[in-house]
Amino acid sequence: MLDDRDETINDRLRQLGRMGTVSPFFHTFYRLIAQYACSPASSVRHIGDLFAQFLNIELNYHRRLDRAARQEGFKLGDIYSLADKHRIALESLTEEVLTTSGHSRDDELARQLILAACYYHTSQTEKVVAHLEAAARHLTQERLIYFALGYNRYMLALEAFVRPAEEPGEWLISDYIRFQQACLQAASTFEKVLTGSQSDAEVYQWIGRVLASAGFQQAAEQALLQAKEATGDQDSDFSQLAPYLSVPRDKTAVIQSPFDLPPISADEIKQAKKLLEKSLSISDLWPADHPDWQN
């Protein structure tokens with residue numbers, strides 16, 4: 001029976017990997033969850049069942065999303081309706097996961113990561129951070145978790161302290177000191193992803209983006225220099241970060257919306273795969289890379 005469940009999980013992951021509406025980063029993240037939900041060390045079979053249920057919810061949502069987009073007479077209201085049903089299904093699953101206990105480290109890791117994914121898809125960033133932090137305490141060397149944690153700590157800082165100003169395109173920081181502290185924490189988390197390899201370039205770009213948003217221009221520029229050093233190409237073009245490096249120092253407004261975060265790049269996905277491949281315990285888990293990127 002366990003083999004059947006694990007094969008079902010494998011199949012759902014492969015199907016999600018072929019869907020253009022599924023972020024490759026999340027597809028990789030789901031495979032990390034599978035590593036622990038289906039681990040031989042898992043002592044609670046129900047954890048794997050809950051993860052299979054989560055994947056069914058995701059697959060059902062993205063199938064309907066794809067089907068709706070292909071239909072004639074497609075309406076935006078149809079997307080809102082699907083999103084609402086998706087949210088309700090995830091909230092119901094979340095309640096069940098919260099009442100499930102993990103007896104082994106792998107059980108608890110899977111449980112915390114499932115909760116983080118559920119809360120991310122229901123836009124509860126503070127809870128995403130809390131459960132990623134809990135997972136990181138159990139697995140201090142998993143860089144993919146720290147990448148997700150750094151990203152969500154940054155998002156939480158933006159949600160907590162940045163508000164739209166009266167002028168279109170301008171944003172006010174409600175508590176500049178606390179915003180800076182939160183951004184420094186996010187940047188510090190990203191630093192735990194660094195490996196001393198060429199792939200560090202993407203991580204340094206994120207560090208630079210976070211530091212620049214908080215007004216630490218000199219430190220942000222240093223991070224971009226480190227990104228160029230990591231690539232070995234001093235002519236590397238990081239012009240997309242220019243708006244972040246021009247954040248005014250009057251501590252009141254951000255010219256460009258800090259919420260316009262770029263998608264996690266294909267190079268970052270490849271690095272995440274490398275980090276997982278060494279410890280992956282489920283055979284035939286990695287499908288071919290999806291050619292498209294959609295956030």
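A: The account below begins with the protein as a whole and then turns to its rings. The model is predicted, so local features require pLDDT of at least 70 and side-chain atom pairs pLDDT 80 or more, while totals for chains, interfaces and linings use all residues. Residues are numbered from 1 along each chain as its sequence is written, and side-chain values use heavy atoms, with hydrogens and water left out.

The protein has 12 helices and 3 strands; these are DSSP runs numbered from the N terminus, with at least four residues (H or I) for a helix and at least two (E) for a strand. Of its 295 residues, 51% are buried, meaning under 20% relative accessible area with a 1.4 Å probe and protein chains only, whereas over 50% is exposed and values in between are partly exposed.

A nonpolar core is a set of buried Ala, Val, Leu, Ile, Met, Phe, Trp, Tyr and Cys residues joined through side-chain atoms within 4.5 Å. The largest one has 77 residues, and F29, Y30, F51, F54, L132 and F179 have the most contacts inside it. Helix α7 (residues 143-161) gives the most to this core, with 12 residues. Of the 19 residues of α7, 15 are buried, so the helix is largely enclosed by the rest of the structure.

Rings of Phe, Tyr and Trp (its six-membered ring) pair if their centres lie within 6.5 Å; planes under 30 degrees apart are stacked, over 60 edge-to-face, and the rest tilted. By this rule there are 12 aromatic pairs. One of them, F25 with F147, is tilted, at 5.9 Å centre to centre and 45° between the planes. Because F25 lies in helix α2 (residues 24-37) and F147 in helix α7, this pair ties together parts that are 122 residues apart in sequence. F25 is buried at 8% relative accessibility, and F147 is buried at 6%.

The pair of F51 and F54 is stacked, because the ring centres are 6.2 Å apart and the planes are at 15°. Both residues lie in helix α3 (residues 45-70), 3 residues apart, about one turn of the helix, and both are buried. Y30 touches F51 and F54, among others; contact means heavy atoms within 4.5 Å.

F25, F26, F29, Y30, F51, F54, Y120, F147, Y151, F190 and W206 form one aromatic cluster. The charged end of R209 sits over the ring of W206, 4.5 Å from its centre; for this, NZ of Lys or CZ of Arg must be within 6 Å of the ring centre and within 35 degrees of the ring normal.

Terms used
Lists of a residue's contacts leave out its neighbours within four places in sequence.
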